[in-house]
Amino acid sequence: MEKIANYINGQWLAPTSGKYLDNINPATGEVYSLIPDSDASDVQLAVDAARAAFPGWSTLLAEKRHAVLARLADLIDRDADALAMAECIDQGKPVKLAKNMDIYRAAANIRFYATASMHVASEAHATGAEAINYTLRTPVGVAGCISPWNLPLYLFTWKIAPALAVGCTVVAKPSELTPMTAYLFTRLCREAGLPDGVLNVVQGLGPKVGQAIVDHPDIPAISFTGGTVTGKKIMSSAGPMLKKLSLELGGKNPNIVFADADFDNAVATSISSSFTNQGEICLCGSRIFVERALFDRFVKAFVEKTKELVVGDPLDEKTRIGALVSEGHMNKVLSYIELARKEGGTLLTGGKRVTVPGRCANGFFIEPTVVVGLPQECRTNQEEIFGPVVTIMPFDTEDEVIGLANATTYGLSATVWTTHLTRAHRVAARLKSGIIWINCWLYRDLRTPFGGMKQSGVGREGGWEAMRFFTEAKNVCVRL
Ligand code: TXE
């Protein structure tokens with residue numbers, strides 16, 4: 001059975017404990033590889049390597065950092081099929097989605113920040129004729145990057161790329177549920193010529209490895225994507241150490257459909273925003289609000305299209321809904337479906353575990369599920385389910401729907417469907433979410449700020465925001 005290794009100082013190492021964890025293929029329920037059960041001593045080795053590599057990497061000319069990162073992006077493209085297959089087996093998502101979304105974006109992330117490293121600039125402020133200020137932005141040092149299991153290589157690269165581009169060295173931890181593509185990526189790092197110690201990947205459990213990264217005194221900045229509960233834990237540990245923190249957490253995103261929306265587009269895209277990646281995307285629109293005049297027609301069309309979605313073997317090109325990431329997560333989602341019933345919801349389709357015949361008979365599959373008849377304040381409409389489950393609710397006025405949309409503790413993203421130009425902008429201005437999509441969903445320009453308000457996180461990723469996060473500003477004032 002394949003043993004995944006840590007990548008520290010350019011070497012593939014076994015965990016110092018010698019212990020391993022099972023890595024399960026969620027589509028079959030079978031153990032198919034082993035994950036290092038690393039601990040604080042492995043993190044220490046990684047920090048030592050990252051510290052040693054920092055002076056060289058941080059002072060390298062930007063064009064040289066660019067060259068290595070650009071090669072890395074090309075290598076991801078070269079190996080896209082193999083990486084997509086690995087992501088599919090590790091995570092449970094359809095292989096086609098893995099290629100078109102995850103691996104495509106992983107290369108795009110690295111390429112985007114490779115080029116950004118050549119263009120990033122700092123500011124100068126002339127104070128009349130009396131003084132001139134210039135701001136230096138220097139890399140913070142060793143950055144800690146902790147990523148989740150829903151978009152494994154996509155979010156791993158989204159964190160490490162800006163850190164590497166500005167000259168930080170990195171200690172990174174992928175999720176213990178999806179370690180494989182970050183491991184394969186380390187081979188590409190070597191091939192691309194990334195110097196030893198610049199990127200170190202320590203695999204293992206969150207409370208052991210992740211916490212050791214958060215607690216380490218020589219890691220001054222932590223970039224984390226994951227659940228809100230874990231985010232709060234990280235903040236409570238890193239806060240007293242006064243570390244820089246970027247937290248991208250959960251969401252309970254509203255998807256608002258006005259009666260004047262482009263109907264076909266709204267229905268088709270809402271199917272994607274509800275069920276892509278089994279609903280395991282923090283940006284999924286899990287609460288759909290439809291203006292009453294359109295409600296029945298929308299619900300009918302939406303349920304019909306939901307029933308057409310093929311749940312099945314992620315290797316099958318026809319599959320639209322693959323396996324959920326783990327048995328534990330599947331049971332969590334099923335318990336929310338049960339809760340929706342108890343809270344008085346009506347299931348219009350879905351609601352059950354699916355047994356896929358053949359090699360996937362023991363996999364963790366759930367039918368895409370549509371619930372109506374629930375009030376906004378119930379738990380089903382307040383808590384992040386992170387699975388193929390949506391609720392649909394009617395509304396009568398613009399004011400009412402804005403109130404409903406904002407009435408959760410989360411504030412990550414929102415979608416608005418309308419052809420009324422001024423209403424689109426008016427509603428966007430009043431929604432308390434970090435990202436608003438009008439007549440689209442998950443349409444991304446990597447230069448834009450990405451992140452959430454309220455319990456959806458702290459700080460923003462993307463573009464210069466992420467590069468600033470991984471640097472310290474130092475102002476120099478010269479009296480003329
Ligand atoms: O994620 P965790 P979980 C949401 C989603 C899901 C819930 C719980 O609702 O059901 O979170 O998922 C590492 N110190 N999202 O518990 O634990 C962990 O090893 C440092 C939303 O599986 O947050 C992994 O690498 N790190 C989300 C990473 O944190 C720790 C994506 C994320 O896992 C740690 C995933 C600790 N003490 C889940 N404990 C999104 N925003 O996209 C765990 N980790």
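Q: How far from an oxygen atom of the ligand does a polar side-chain atom of Asn-150 lie?
A: This is a predicted model, with residues numbered from 1 along each chain as its sequence is written; local features need pLDDT of at least 70, side-chain atom pairs count only at pLDDT 80 or more, and totals for chains, interfaces and linings use all residues. Side-chain values use heavy atoms, leaving out hydrogens and water. A polar contact is a pair of N or O atoms within 3.5 Å, and the Asn-150 pair lies at 3.4 Å.

Q: How much of the ligand's accessible area does the protein cover?
A: On its own, the ligand has 810 Å² of accessible area, found by the Shrake-Rupley method with a 1.4 Å probe. The protein covers 86%.

Q: Which element gives the most residues to the shell around the ligand?
A: The shell has 28 residues, each with a heavy atom within 4 Å of the ligand. Helices are DSSP runs (H or I, at least four residues) numbered from the N terminus. With five residues, the top contributor is α7.

Key:
Polar contact = N/O pair within 3.5 Å; in protein donor to acceptor, adjacent residues only side chain to side chain. Helix = DSSP H or I, 4+ residues; strand = E, 2+ residues; numbered from the N terminus.
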